[in-house]
Amino acid sequence: NPALEERVQGRTEALEETRTRLAAIVLASPAPILVISGDGIVDVCNPAGGDLLGRVTGDIIGKPLTSFVDPASASEFLRIIQEVRAGESVSDRLISPHLKNGERIHIALSAVSLSPDPSSDQVLLLGVEITARVDAQTELKKLSLELQRVQELERRRLAQDLHDDVG
């Protein structure tokens, strides 16, 4: 049936056009994006994902995600993937993996199944590297504690001065 063949051809072309657009979005995204298969292998990694892991994407695709981080971090990534496959939502979860080069980074990670059936093979990981923000918050907490300590010392000094003046 020529009409049916024409409809199938039109839909096939539309799907390919959509796939091409989505691939361009993933490649151009400044956020690290990885697609992980059922056995933990990286199927897709955009350039930002390669930058985050300190590798070129060609060195990442086809290898286990766990080979790019320390064992504790690998377990954390695998737990997140299991949660997604169990139908749970993962959004902006703070993880702090140590990369194989020893560097510790902080990532706000979101993950979603790429199928309506969450137990399906592929899970998309989207991360935002927030190391500078976490480091700044840590420094702010240290400075706040130091300020409180200095304020308490000053209160005591003033109290002592008042006591000495009255006495």
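A cavity is a set of grid points where a 1.4 Å probe fits but cannot get out, and lining residues have an atom within 4 Å of a point. With that in hand, here are close-up views of this predicted model.

Figure 1. Searching the whole structure turns up one cavity of 30 Å³ or more. The largest cavity holds about 100 Å³ of space. Its lining is made by P32, L34, L52, L53, L65, F77, I107, L109, L125, L126 and G127. Two or more lining residues come from each of α2 (47–53), β4 and β5, and β5 gives the most, with three. By type, the lining residues of this cavity are ten nonpolar, one polar and no charged.

**Figure 2. Strand β4 and its two partners.** Here we follow β4, residues 107–113, where six of the seven residues are buried. Strand β3 (residues 90–95) runs antiparallel to β4 and is joined to it by four bridges. To find one of these pairings, look for V90, whose bridge partner in β4 is A111. Strand β5 (residues 123–129) also runs antiparallel to β4, with seven bridges between them. Among the pairings here is S113 with V123 of β5.

**Figure 3. Helix α4 and what covers it.** Helix α4 takes in residues 71–85. Which residues of α4 are buried? They are S73, A74, F77, I80, I81, E83, V84 and R85. The cover over these buried residues includes β1 (33–36), β3, β4 and β5. Just after the helix, G87 takes a positive phi of about 90°.

**Figure 4. The largest pocket.** This view turns to an open space, the largest pocket, with a volume of about 410 Å³. Its lining is made up of 17 residues, and R19, L22, A23, V26 and V44 lie nearest the centre. The elements giving two or more residues to this lining are α1 (2–28), β1 and β2 (42–45). Helix α1 has the largest share, with eight residues. Sorted by type, the pocket lining has twelve nonpolar residues, four polar and one charged.

How values were computed: Residues are numbered from 1 along each chain as its sequence is written. This is a predicted model: local features need pLDDT of at least 70, side-chain atom pairs count only at pLDDT 80 or more; totals for chains, interfaces and linings use all residues. Side-chain values use heavy atoms; hydrogens and water are left out. Buried means under 20% relative accessible area, exposed over 50%, partly exposed in between (1.4 Å probe, protein chains only). Two strands pair if DSSP finds at least two bridges between them. The expected span of a helix is 1.5 Å times one less than its number of residues. Contact means heavy atoms within 4.5 Å. On a 1 Å grid over the protein atoms alone, a cavity is a set of points where a 1.4 Å probe fits but cannot get out, and a pocket is an open set with protein on both sides within 12 Å along at least five of seven lines; lining residues have an atom within 4 Å of a point. Grid points are joined across faces, edges and corners, and a volume is the space filled by probe spheres set on the points. Ala, Val, Leu, Ile, Met, Phe, Trp, Tyr, Cys and Pro count as nonpolar, Asp, Glu, Lys and Arg as charged, and the others, Gly among them, as polar.
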